[in-house]
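Subject: Structure handover

Hello,

Here is the structure for you to look over. My notes follow below it.

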Amino acid sequence: MDAEIPIDEESAWAAVTRRDKRCDGSFVTGVLTTGIYCRPSCAARHPRRENVRFFGSGAEAAQAGLRPCLRCSPDEVSREAEAFSRALAHIDAADGVPKLAELARAAGYSPHHFHRLFKRMTGVTPAEYARAKRSRKVERSLAINRRVIDAVYEAGYGAPSCFYAEAKGRLG
Ligand SMILES: [Zn+2]
């Protein structure tokens, strides 16, 4: 992220309170009382607003003496997004349903870790997605594809879409 763009704290806090995955990678939430920083979508209980400071990146938060949260691994966001898109490309290019180990290798993760990551991002397992893509049960297939497309969208965008989503919500 461009460090020249100041963080709109009000939008950032709104994103944190709704655990907006689209904002992951746009900024991190530093909690001064615990000394930890999180991605905006962290599932942990929300800190009090007055204890929060926003940083443009994990590196900036670390410089301020904070440590990455073990629960949401805020420094993993861009690596996860890349791994995810590599795995999707692999599924799309495959003839049948690719093996989990094969997909994990393409993504650069262990099979266990990759399975968890994919499920967390899309709500379905890699095998469910791969099968749905080849399924003749059109409705189910469409619903699963929709969720994966949303996940791709969420993983693929940084700050602009994060705050754009917020602005759009206000207008709507
Ligand atoms: Zn966290």
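**The sheet**

The bridge partner of Ile-36 in β4 is Arg-67. That bridge belongs to a parallel pairing: strand β2 (residues 36–38) and β4 pair over two bridges. Two strands count as paired if DSSP finds at least two bridges between them. Strands of a sheet pair through backbone hydrogen bonds, either parallel or antiparallel.

Four strands form an open sheet here, in the order β3-β1-β2-β4, with mixed pairing. β3 (52–55) and β4 stand at the edges, each with a single partner strand, so one side of each has no neighbour in the sheet.

**Ground rules**

This is a predicted model: local features need pLDDT of at least 70 and side-chain atom pairs count only at pLDDT 80 or more, while totals for chains, interfaces and linings use all residues. Residues are numbered from 1 along each chain as its sequence is written.

**Overall layout**

The protein has eight helices and four strands. Both are DSSP runs, numbered from the N terminus: helices are H or I with at least four residues, strands are E with at least two. Along the sequence the pattern reads α-β-β-β-α-β-α-α-α-α-α-α.

Of the 172 residues in the protein, 35% are buried. Buried means that 20 or more other C-beta atoms lie within 10 Å of the residue's own; exposed means 12 or fewer, and partly exposed is in between, with C-beta atoms placed from the backbone.

Among contacts in the protein with a separation of 6 or more, 58% join residues 24 or more positions apart. A contact means C-beta atoms, placed from the backbone, within 7 Å.

**Confidence**

The mean pLDDT of the protein is 83, and 83% of its residues reach 70 or more. This score is the predictor's confidence in each residue, from 0 to 100. Confidence is highest in strand β4 (residues 67–68), at 98, and lowest in helix α8 (residues 159–171), at a mean of 53. Over residues 168–172 the pLDDT is below 50, and this stretch has zero contacts in the model beyond near neighbours in sequence.

**Two cores**

A nonpolar core is a set of buried Ala, Val, Leu, Ile, Met, Phe, Trp, Tyr and Cys residues joined through C-beta atoms within 7 Å. The largest one has 21 residues. Phe-84, Ala-87, Ala-107, Phe-114 and Leu-117 have the most contacts inside it. Two or more residues come from each of α3 (77–93), α4 (100–107), α5 (111–122), α6 (126–134) and α7 (138–156). α3 gives the largest share, seven residues.

A second, separate core has 18 residues. Val-31, Cys-38, Phe-54 and Phe-55 are among them.

Ala-104 sits in helix α4. Ala-104 is buried, with 23 other C-beta atoms within 10 Å. Leaving aside neighbours within four places in sequence, Ala-104 is in contact with Tyr-109, Ser-110, Pro-111 and Phe-114. Ala-104 and Phe-118 are 14 residues apart along the chain, and their C-alpha atoms are separated by 9.9 Å.

α5 has 12 residues and reaches 16 Å from its first C-alpha to its last. That is close to the 16 Å expected at 1.5 Å a residue; the expected span is 1.5 Å times one less than the number of residues. The buried residues of α5 are Phe-114, Leu-117, Phe-118, Met-121 and Thr-122. They cover an arc of only 105° around the axis, which puts them on the same side of α5. The arc is that of the directions from the helix axis to the C-beta atoms. Just after α5, Gly-123 takes a positive phi of about 85°.

In α6, Pro-126, Tyr-129, Ala-130 and Ala-132 are buried. The buried residues of α6 fall within an arc of 160° seen down its axis, so they line one face of the helix.

**Loops**

Most residues other than glycine have a negative phi. Arg-19 has a positive phi, near 50°. Arg-19 lies in the loop between α1 (9–17) and β1 (28–31), and counts as partly exposed, with 16 C-beta neighbours inside 10 Å. Ser-73 has a positive phi of about 40°. Ser-73 lies in the loop between β4 and α3.

Leaving aside neighbours within four places in sequence, Ser-41 is in contact with Arg-19, Asp-20, Lys-21 and Asp-24.

Best wishes

Note on methods:
Two residues are in contact if their C-beta atoms, placed from the backbone, lie within 7 Å.
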